[in-house]
Amino acid sequence: MDHRVSRRTKILTGHLLPPPSSSSSSALSLIPCLNYTSPELSSSSSSSFDVREMRKLMDVHNIEDRDWIFNLIIQSEVFNRKERGGRVFVSPDFNRTMEQQRDVTMKRIEFLRDHGVFEGWLTDDGPQAELRKLALHEVIGMYDHSLAIKIGVHIFLWGGAVKFLGTKRHHVKWLKSTENYEMKGCFAMTELGHGSNVRGIETITTYDSNTGEFVINTPCESAQKYWIGGAANHATHTIVFSQLNINGSNQGVHAFIAQIRDSDGNICPNVRIADCGHKIGLNGVDNGRIWFDNVRIPRENLLNSVADVSPGGEYLSAIKNPEQRFGAFLAPLTSGRVTIATSAVYISKISIAIAIRYALTRRAFSITPNGPEVLLLDYPSHQRRLLPLLAKIYAMSFAANELKMMYVKRTPESNKAIHIVSSAYKAILTWNNMRTLQECREACGGQGLKTENRIGHFKGEFDVQSTFEGDNNVLMQQISKALLAEYIVCETKNKPFRGLGLEHMNKPWPIIPSQLTSSTVRSSQFQTDLFHLRERDLLKRFAAEVSQYQARGESKESAVILSYQLAEDLGRAFSERAILKTFLEAESNVPAGSLKDVLSLLRSLYALISVDEDAAFLRYGYLSTENAAAVRKEVPTLCAELRPHALALVSSFGIPDAFLSPIAYDWVDSNAWSSTQH
């Protein structure tokens, strides 16, 4: 007992009293304070490719317009300019109450309107006008998701529905006033009881031929319109998606314009509105709930490009097939998926740029006695955490660009393909964004928790992207159902596959080498063959499993539902193959040189990390265990080769300093005592 007391006393004495001087303790006392060194000054961050050319390849369109609105936001006090570490940063002040965030979001919209940002967003036509709108909206979303969503609901959803589902009478009355914010629109599709299953919504609209009016009613609590952006505070009008009942016959889902507030903000008679309340993100958007108690609207308020009702109550539509008619009414959602997918990529760009810049200046631990601490990005494990994500962001950037081009050049014949591709990219790109945010948050340590450093807060702001405009898991199954339909038609009619990138199905089965070398796994031919093999085999397996369930007496719908595991595998295979294809196309348009060389490294890293992360390659025997190991072994080698290019690759995003965060730059100065005295 005395021995233990004596030992404990010595330990406490050692903690409390300074140690005797010695050569080792003197060495410890001489360790200098850390200083920030800009990664631009480091020889380990040297890259020979042209950053400006890479940005052109990444952004593709309207670069001058992007830079104009970047500067507009940075220079205005309404966007919460703050100086840290000698630099100006702009980001919303999330310390404000929900009500204050909503108010300032509306003020920012008015500022952007007054500076001509929304000019032509609905009244100009053609691919160039649409690309300008998309570019400006992307930058707005990089500043604040609430601001982008609030604008998106008003312009893309409300305005898009009026433009694409309405006819001339609606365009004349509403498009310019929407663009100028003379009125404020919202989009009432989702209900408490129905989200992804739009076909099942319960709001009912009937026609009164005596008065020439439609009557909109919320028949039960589950039919209340829910999560309606803009409804809680600001919207004056809404697009109501409702079942249309004519003379006792349900004609399916249709879209109507209804006024919910007057110009003074008073809620209209027979309309009830409640607030959805505080959320984990997007608190600058006033999401609301709406009930309609037999609200009467003029017959002309039916958006009638797809179907109409005569004054006498006769239902009229050139589209006789109810399925096709329903699909036409969902057309406005496509623009939503396009903007969500591209937004996810740009937020991933911000987070990876912050995390990589921090990792190029933050040090931790020495690997030799008294040696300097090592930069985070010089650790192979840290490279493995961040650089595959960087490669995915590049790949998905090319995919998002392809999707935008498909959308702005759309034709009636291409609408089906756009729906499938937008569903695929929306799911894959938003899932990847959330994974990127989590990894970058962790890679920044405690600094990643600070709201001013953006990444951590982005997680709450962008989590919703996985479920709105279609739950990602549901979208994956929709993609597989569409592919199954293509497969059945081509197999039963002995027709070649055309479209959706499925032409590879017409060729002989790819053969994968029995032994893989480094040069083999880096070849675009091997990567393409492997992705084709996976997609082709999974589509065949999915079709066979659905057929087996049907042979046991299951309906086709039930058989597809029971085959969900293969459906999800197939959805992923289709999406990743399509993304690889867009990368290869972008790469092929670049002449030989340093830019093409670094793109080749990124493309190989994207392809191989996708293989390494998907158990399907082993599960179904596309790769042997030895070949899977060879693929995995190549990943850190590619990361090491990309390490010198990391700074240039994130600089190529063209994101201004002000849109990143203090830890992307001089994090010592921005956290100095002097920074607390402002």
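The model is predicted, so local features need pLDDT of at least 70 and side-chain atom pairs count only at pLDDT 80 or more, while totals for chains, interfaces and linings use all residues. Residues are numbered from 1 along each chain as its sequence is written, and side-chain values use heavy atoms, with hydrogens and water left out. Helices (H or I, at least four residues) and strands (E, at least two) are DSSP runs, numbered from the N terminus.

**Two helices that cross**

- Two packed helices are described by the angle between their axes and the distance between the axes.
- The axes of helix 6 (residues 127–143) and helix 11 (residues 380–408) come within 9 Å and cross at roughly 140 degrees; axes are lines fitted to C-alpha atoms, for helices over the stretch in contact, and angles run from 0 to 180 degrees between N-to-C directions.
- Helix 6 and helix 11 are therefore oblique to each other, a word for angles left over once those under 35 degrees (roughly parallel), over 145 (roughly antiparallel) and 65 to 115 (roughly perpendicular) are set aside.
- On the helix 6 side, P127, E130, L131, L134 and E138 make the contact, and on the helix 11 side K404, M405, Y407 and V408 do; contact means heavy atoms within 4.5 Å.

**Two helices with buried residues**

- Helix 4 (residues 63–74) has 12 residues and spans 16 Å from its first C-alpha to its last, close to the 16 Å expected at 1.5 Å a residue; the expected span is 1.5 Å times one less than the number of residues.
- In helix 4, R66, I69, F70, L72, I73 and I74 are buried, meaning under 20% relative accessible area, with exposed over 50% and partly exposed in between (1.4 Å probe, protein chains only).
- Helix 8 (residues 168–179) also has buried residues: H170, W174, L175, S177, T178 and E179.
- Among the elements covering the buried residues of helix 8 are helix 7 (145–165), strand 7 (237–246) and strand 8 (249–259).
- After helix 8 comes Y181, whose phi is positive, near 60 degrees.

**Two buried residues to look up**

- You will find L360 in the loop between helix 10 (332–359) and strand 14 (363–366), and L360 is buried, with a relative accessible area of 5%.
- D537 sits in helix 16 (residues 524–551) and is buried, with a relative accessible area of 11%.
- Leaving aside residues up to four places away in sequence, D537 touches W509, Y620 and Y622.
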